[in-house]
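The sequence and model are shown first.

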Amino acid sequence: MKRPKAATLILIALLSASMLSSYAYMVSGETEQLVVDVDRSVKIIRGGIVFLNDTFTLSAPEGSEVILADFWVGFSDTLIPERSLFEVLESGSWRQVDASVQGDQGIQGSRIEFAVPLTLSAGTSLTLRASYLVLDSVSGASIAYSALLPVFPIIDYNISQYQLEVELPPGAIFERVIAPINMTQVEVGDHWNVNYLGENIAA
């Protein structure tokens, strides 16, 4: 499967009355061998605020070594994040890292540069997280609302394993989803989740 960079999903839900009140990345070194797993978590809360988190796990395939000098992650031009936060997982805890704003091939993004290039050997990995606060992805009228969300992160490499989970606000009733991929819906307690699992997704 080849993922279109501009692909979006439209999530339509019926909201209760109470609701109405309210990675392209670039890595230096032997990047063609880099193994990338991505976990995208999207949470829509009351008032139409959206929190989007992308967790990237980077590793080298068995028998090889990858050198990482920097990491560039882009953001879909369908949404403009109000705030962005970048972190690296170290010894089981997240540490915030600085990122410079840089574009690549017309796509706005942020670059994390490592003070010392990191070497990933077989059996080791590096986990990074990009978090965004978005205010303009939810729209609608009356009690029917929709959320326009990017399906995939914008990265230049194949994704080995991909997981997408979108959590609707409590009290919202799932209606339908329009997307270029097959997604599943499940009711969890007082809210709905819309999920997708994929593998070997080409850039």
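## A buried charged pair

Asp70 and Arg111 form a salt bridge, with 3.1 Å between the closest N and O atoms; a salt bridge is a side-chain nitrogen of Lys or Arg within 4 Å of a carboxyl oxygen of Asp or Glu. Asp70 belongs to strand β4 (residues 65-74) and Arg111 to strand β8, so the pair ties together parts that are 41 residues apart in sequence. Strand β8 covers residues 107-121. Helices (H or I, at least four residues) and strands (E, at least two) are DSSP runs, numbered from the N terminus.

Both Asp70 and Arg111 are buried, a class defined by a relative accessible area under 20%, with exposed meaning over 50% and partly exposed in between (1.4 Å probe, protein chains only). For Arg111 the relative accessible area is 12%. The side chains of Arg111 and Asp70 are also joined by a polar contact of 3.1 Å. A polar contact is a pair of N or O atoms within 3.5 Å; within protein, one must be able to donate a hydrogen and the other to accept it, and residues adjacent in sequence count only if both atoms are side-chain atoms.

## Basis of the model

The model is predicted: local features need pLDDT of at least 70, side-chain atom pairs count only at pLDDT 80 or more, and totals for chains, interfaces and linings use all residues. Residues are numbered from 1 along each chain as its sequence is written, and side-chain values use heavy atoms, with hydrogens and water left out.

## Further salt bridges

The structure holds four salt bridges. One of them joins Glu87 to Arg129, the closest N and O atoms lying 2.9 Å apart. Glu87 lies in strand β5 (residues 81-90) and Arg129 in strand β9 (residues 125-134), so this pair ties together parts that are 42 residues apart in sequence. Glu87 is buried at 10% relative accessibility, whereas Arg129 is partly exposed at 21%.

Arg95 forms a salt bridge with Glu90, again with closest N and O atoms 2.9 Å apart. Arg95 is partly exposed, with a relative accessible area of 40%, and Glu90 is partly exposed at 38%.

## The second largest cavity

Which residues line the second largest cavity? The lining consists of Phe56, Phe71, Val73, Phe86, Glu87, Ile112, Leu128, Arg129 and Ala130. On a 1 Å grid over the protein atoms alone, a cavity is a set of points where a 1.4 Å probe fits but cannot get out, and lining residues have an atom within 4 Å of a point.

Strands β4, β5 and β9 each give two or more residues to this lining, and β9 provides the largest share, three residues. By type, the lining residues of this cavity divide into seven nonpolar, no polar and two charged.

## A positive phi in a loop

Ser91 is found in the loop between β5 and β6 (93-96). Its phi is near 50 degrees, a positive value in a residue other than glycine. Most residues other than glycine have a negative phi. Ser91 is exposed, with a relative accessible area of 83%.

## The chain as a whole

The chain contains one helix and 15 strands. Of its 203 residues, 42% are buried.

How values were computed
On a 1 Å grid over the protein atoms alone, a cavity is a set of points where a 1.4 Å probe fits but cannot get out, and a pocket is an open set with protein on both sides within 12 Å along at least five of seven lines; lining residues have an atom within 4 Å of a point. Ala, Val, Leu, Ile, Met, Phe, Trp, Tyr, Cys and Pro count as nonpolar, Asp, Glu, Lys and Arg as charged, and the others, Gly among them, as polar.
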